[in-house]
Amino acid sequence: MAGDGGGVGGVEVENSSDFAAVPDAFQRLWTPHRMVYIQDGQQPHSDDCPFCLAPAMDDEKALIVARGTHAFVLLNLFPYNSGHLLVCPYRHVASYDQATPDEVAEIASLTQTAMRVLAATSRCDGFNIGMNQGRIAGAGIADHLHQHLVPRWAHDSNFFPIIGGTKALPRLLGDVRREIADAWPTSEH
């Protein structure tokens, strides 16, 4: 290893000034344990697509908060924050460019309603909204289009995920689902 010749316990330590590229202002958190997820992923068999199975189930069991004509909204089973929603078309389609105009319009409409409902029920300060298109882009379920809607609050990040490998979620999924479903406007989907 390159370095200044110093080390700890006889082990040579890398000096960051010897790293490739030009130094920048970013802090780095190295998480090599995530490579298993990145390389192997957790893609279900096409017959086991959770977004195809969910609509046939009871809303409470499937964590569905609202149903539309072409798409539906459900809680993420593995949320980043309490109230993390997914907006999915009923049709098993992999990417946004394969969705019909009706599906795209309803995904957008359901997302807007979800934002209003989450703002009212959880008093969140903002949202992260996005789609990971394809396995290589990080889609947990790559073969079924879904949009993430993650409520955010000032100071909602802490040291638990980094140091303890733990995400603190203060509310149970069933309670959050019921609150959002009860607040969903009946005139909208």
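Colleague: Why is Glu-103 called buried?

Modeller: Glu-103 has a relative accessible area of 5%, and buried means under 20%, exposed over 50%, partly exposed in between (1.4 Å probe, protein chains only). Glu-103 is therefore buried. This is a predicted model, in which local features need pLDDT of at least 70, side-chain atom pairs count only at pLDDT 80 or more, and totals for chains, interfaces and linings use all residues. Residues are numbered from 1 along each chain as its sequence is written, and side-chain values use heavy atoms, with hydrogens and water left out.

Colleague: What makes Arg-91 and Glu-103 a salt bridge?

Modeller: A salt bridge is a side-chain nitrogen of Lys or Arg within 4 Å of a carboxyl oxygen of Asp or Glu. The closest N and O atoms of Arg-91 and Glu-103 are 2.8 Å apart, so the pair meets that rule. Arg-91, at 38%, is partly exposed.

Colleague: Which parts does the pair of Arg-91 and Glu-103 tie together?

Modeller: Arg-91 lies in the loop between E5 and H4, and Glu-103 in helix H4, so the parts tied together are 12 residues apart in sequence. Helices (H or I, at least four residues) and strands (E, at least two) are DSSP runs, numbered from the N terminus.

Colleague: How many salt bridges does this rule give?

Modeller: The count is four. One of them joins Asp-59 and Arg-67, with the closest N and O atoms 2.6 Å apart.

Colleague: Why are Asp-175 and Arg-178 about one helical turn apart?

Modeller: Because Asp-175 and Arg-178 are three residues apart in helix H6. Their side chains also meet in a salt bridge, at 2.9 Å from N to O.
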